[in-house]
Amino acid sequence: MGALVLSVPVVPLLPVSSAWAASSATIVAVRVWPADDYTRVTLESDRPLAAKSFLATHPDRLVIDIDGLELSQGLRELLGKVKPDDPYIAAVRVGQNQPRVVRIVLDLKQAVAPQVFTIEPVAAYKNRLVLDLHPAQERDPLLELVLEKEAAERAAAQSVQDALGEMIGRIDRPQSAASTAAAAADKAASAALPPAPRPSAPVVAQHAPPPPTTPLKETAPEMSQAKLDRLIVIAIDPGHGGEDPGAIGPSGLKEKDVVLAIGLKLRDRLNSNPKIRVMMTRDADFFVPLPDRVRKARRVQADLFVSIHADAFITPKAKGASVFALSTGAASSTAARWMANKENAADVIGGVNSKAVKDDGVLRAMLDMSTSAQVKDSLKLGSEVLSQIGKVGKLHKRNVEQAGFAVLKAPDVPSILVETAFISNPEEEAKLRDPDYQNDLVRALATGIARYFSKNPPLASRHRAL
């Protein structure tokens, strides 16, 4: 962290009137969300901030000038927020560039396509100035899946070679003289002893405890290799993240944390099948806008999309898991409509660049053209998953519900949203925190997916001979 220093020279602060001081904004929080996809820096203040930014090169850096602000302890906290392993930010410098203008310089590790925008107060947040550092060259998620698959195959092959070499070494290893002599002495002693008398009838031990059994190692559900004749890509979408914590349980458990833990376990379980690769919409604590989650799934031509959430309600008595599919018309129930509205508000809380969303209008229009075939397949997938979840916990609804979830609007990908439990219920919050219960949920989800594929082979038109 030695590289994170306060920039110099700093223009000395001139004596200011009380009116000037009163008109300056106050920084109430500084947050940094690093991820491979992008790094977000958020400055939260009691008043709106106006900022101008530009990129500089040799070396690469992003310069942000914030008007109506004075250097403060809150801003200095930014220096310690950036970690050495941040993929994009190498160092931070902050200084009073002009009276009432603070300059922040982000030294960059790679070329970026920055977005600098503001968000009005919403939920628990006040005014936010957001600095999003996206890579200048967008990552290719399908290529990453292929490289990940090849790396896993190489690791598996190396593991087999190591085990074979160890076995051959044990066979070829000559016995030591001491062990040979000990074996000969044991053989001679055995020959000298009189033979043990044979019982006239077999003796049965009474009340003998059964021998201890080794618990079976949990394995991923098997899918018919005959039906999996190409690489299957499944998109796992842990809800919320970063600036958007999702629902928060009575003891403080955050939805974004527990669904990420479940999603990562599900990824590992599904990836144990060499015919399957999982694409995570997020694999760390960062925010992903709803349209981007759908776009990621479509970029890898996903065969399935599973969004994982934890439900919440105004009363702690509500409990049970639910599974939702998209409805192109009215919601299947008032509760389903309420749930869709709550989940669709994630972009408002998480913070989306409104200018970028306007530029993405064509994508949004296309996503609204979800087909009846997609909804039909989503209901089949949802039914299989719901039946398996019902074996490990209580169901809130015994049928797959439907509503207009924005995250399920991929027109060519069967998509479901799973509410694993009510995090607002103290008992279910405790279960969601329990790794064993998380494993049970993962097993149920994986089995439901396996059962869906056994009855609905993936589209042959999406051939991936990888």
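Me: Is the crossing of H5 and H13 left-handed or right-handed?
Reply: In this predicted model, the crossing of H5 and H13 is right-handed. The contact draws on Val-258, Ala-261, Ile-262, Lys-265, Leu-266, Arg-269 and Leu-270 from H5, and on a set of H13 residues that includes Pro-435, Leu-441, Val-442, Leu-445 and Ile-449.

Me: What classes of residue are in that contact of H5 with H13?
Reply: Sorted by class, the contact of H5 with H13 holds 11 nonpolar residues, together with 2 polar and 3 charged ones.

Me: And at what angle do H5 and H13 pack?
Reply: Helix H5, which covers residues 255-271, packs against helix H13, residues 435-455, at an angle of about 50°, and their axes are 9 Å apart. That angle makes H5 oblique to H13. As background, two packed helices are described by the angle between their axes and the distance between the axes.

Me: Which residues of H5 are buried?
Reply: The buried residues of H5 are Glu-255, Lys-256, Val-258, Val-259, Leu-260, Ile-262, Gly-263, Leu-266, Arg-269, Leu-270 and Asn-271.

Me: How many residues does H5 have, and how far does it reach?
Reply: H5 has 17 residues and reaches 24 Å from its first C-alpha to its last, which is close to the 24 Å expected at 1.5 Å a residue.

Me: What about H12, how does it cross H13?
Reply: The axes of helix H12, residues 426-433, and H13 come within 5 Å of each other and cross at roughly 80°, and that makes H12 roughly perpendicular to H13. Here Lys-431, Leu-432 and Arg-433 in H12 meet Pro-435, Tyr-437, Gln-438 and Leu-441 in H13. The residues of this contact divide into 4 nonpolar, 1 polar and 2 charged.

Me: New topic: which peptide bond is cis, with omega near 0°?
Reply: The peptide bond from His-58 to Pro-59 is cis, with omega near 0°, and Pro-59 has its place in the loop between strand S3 (50-56) and strand S4 (61-67). In general, most residues other than glycine have a negative phi, and most peptide bonds are trans.

Me: What is phi of Arg-100, then?
Reply: Phi of Arg-100 is near 70°, a positive value in a residue other than glycine. Arg-100 lies in the loop between strand S5 (89-98) and strand S6 (101-108), and with 30% relative accessibility Arg-100 counts as partly exposed.

Me: And what is phi of Gln-301?
Reply: Phi of Gln-301 is near 50°, again a positive value in a residue other than glycine.

Me: What is Ile-349 in contact with, leaving aside its neighbours within four places in sequence?
Reply: Leaving those neighbours aside, Ile-349 is in contact with Val-122, Ala-123, Tyr-125, Arg-128, Glu-243 and Asp-244. The C-alpha atoms of Ile-349 and Pro-121 are separated by 9.1 Å, although these two residues are 228 residues apart along the chain.

Me: Last one: how many helices and strands are in the protein?
Reply: The protein has 13 helices and 14 strands, and of its 466 residues 44% count as buried. Among contacts between residues at least 6 apart in sequence, 76% join residues at least 24 apart.

Technical notes
Residues numbered from 1 in each chain as written. Predicted model: local features only at pLDDT ≥ 70, side-chain atom pairs only at ≥ 80, totals over all residues. Heavy atoms only, no water. Axes fitted to C-alpha atoms, helices over the stretch in contact; angles between N-to-C directions. Helix = DSSP H or I, 4+ residues; strand = E, 2+ residues; numbered from the N terminus. Parallel < 35°, antiparallel > 145°, perpendicular 65-115°, else oblique. Left-handed = near helix turned anticlockwise from the far one by under 90°. Contact = heavy atoms within 4.5 Å. Nonpolar A, V, L, I, M, F, W, Y, C, P; charged D, E, K, R; others polar. Expected span 1.5 Å × (residues − 1). Buried < 20%, exposed > 50% of the residue type's maximum accessible area, 1.4 Å probe, protein only.
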